[in-house]
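Take a look at the model below. Then follow the text through it, one part at a time.

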Amino acid sequence: MKKRIRQMLGYLILIPLPAFAFHCPMDMKKIDAALASNPPLSGQQLAEVRELRAKGETYHRSGRHDQSVHVLGRAMKILGIQ
């Protein structure tokens, strides 16, 4: 009985993980779309957004999704998108 409860708890913990993994690509698409629309930012801000977006993708590919979401969030804030 205890073994079965532990198994169920393990499954419940693992279920939300893919949701975090798929959050990063959506943020990257939002950033790409905003950059394609030629936002009214300074050259320095555009360079920072591009750098943050690249870091976010690197973090995502290496499985560091918390860091990816954080970095992509900073880029989105500069662009003024949700």
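This is a predicted model: local features need pLDDT of at least 70, side-chain atom pairs count only at pLDDT 80 or more; totals for chains, interfaces and linings use all residues.

Which residue forms a salt bridge with Arg-53, the closest N and O atoms being 2.5 Å apart? It is Glu-57. Glu-57 and Arg-53 both belong to helix α3. They sit four residues apart, about one turn of the helix.

Stay with Glu-57 for a moment. Glu-57 also forms a salt bridge with Arg-61. Here the closest N and O atoms are 2.7 Å apart. Arg-61 lies in helix α3 too, four residues from Glu-57, again about one turn of the helix. Is Arg-61 buried or exposed? Its relative accessibility is 67%, so Arg-61 counts as exposed. Glu-57 has a relative accessibility of 23% and counts as partly exposed.

Now go back to Arg-53. Asp-32 forms a salt bridge with Arg-53 as well, with 2.8 Å between the closest N and O atoms. This pair joins two helices: Asp-32 lies in α2 and Arg-53 in α3, so the bridge ties together parts that are 21 residues apart in sequence. Arg-53 is buried, with a relative accessible area of 15%. That value is under the 20% limit for buried residues. Asp-32 is partly exposed, at 34%.

Asp-32, Arg-53, Glu-57 and Arg-61 are linked in a network of salt bridges. How many salt bridges are counted in the protein? The count comes to four.

Next, step back to the whole chain. The protein has four helices and zero strands. Read along the sequence, the pattern is α-α-α-α. Of its 82 residues, 26% count as buried. The accessible surface comes to about 6200 Å², and 61% of that surface belongs to carbon and sulfur atoms. Consider also the contacts with a separation of 6 or more: residues 24 or more positions apart account for 62% of them.

What lies inside? The largest nonpolar core has 13 residues. Ile-31, Leu-35, Val-49, Leu-72, Ala-75 and Leu-79 touch the most other members.

Set aside its neighbours within four places in sequence, and Leu-35 is in contact with Leu-46, Val-49, Arg-50 and Leu-79. Val-49 and Leu-79 were named above, along with Leu-35, among the residues that touch the most other core members.

Leu-52 gives another view. Leu-52 is found in helix α3. Is Leu-52 buried or exposed? At 4% relative accessibility, it counts as buried. Leaving aside neighbours within four places in sequence, Leu-52 is in contact with Val-71, Leu-72, Arg-74, Ala-75 and Ile-78.

Finally, turn to the loops. Asn-38 lies in the loop between α2 (17-36) and α3 (43-61). Its phi is positive, about 55 degrees, although Asn-38 is not a glycine. Asn-38 counts as exposed, with a relative accessibility of 65%.

Where is Arg-64 placed? Arg-64 is in the loop between α3 and α4. At 41% relative accessibility, Arg-64 counts as partly exposed. Its side chain makes a polar contact with the side chain of Gln-67, at 2.5 Å.

Look at the model once more with these parts in mind. Start from the salt-bridge network of Asp-32, Arg-53, Glu-57 and Arg-61.

Note on methods: Residues are numbered from 1 along each chain as its sequence is written. Side-chain values use heavy atoms; hydrogens and water are left out. Buried means under 20% relative accessible area, exposed over 50%, partly exposed in between (1.4 Å probe, protein chains only). A salt bridge is a side-chain nitrogen of Lys or Arg within 4 Å of a carboxyl oxygen of Asp or Glu. A nonpolar core is a set of buried Ala, Val, Leu, Ile, Met, Phe, Trp, Tyr and Cys residues joined through side-chain atoms within 4.5 Å. Contact means heavy atoms within 4.5 Å. Accessible areas come from the Shrake-Rupley method with a 1.4 Å probe; for residues, only the protein chains shown count as cover. A polar contact is a pair of N or O atoms within 3.5 Å; within protein, one must be able to donate a hydrogen and the other to accept it, and residues adjacent in sequence count only if both atoms are side-chain atoms.
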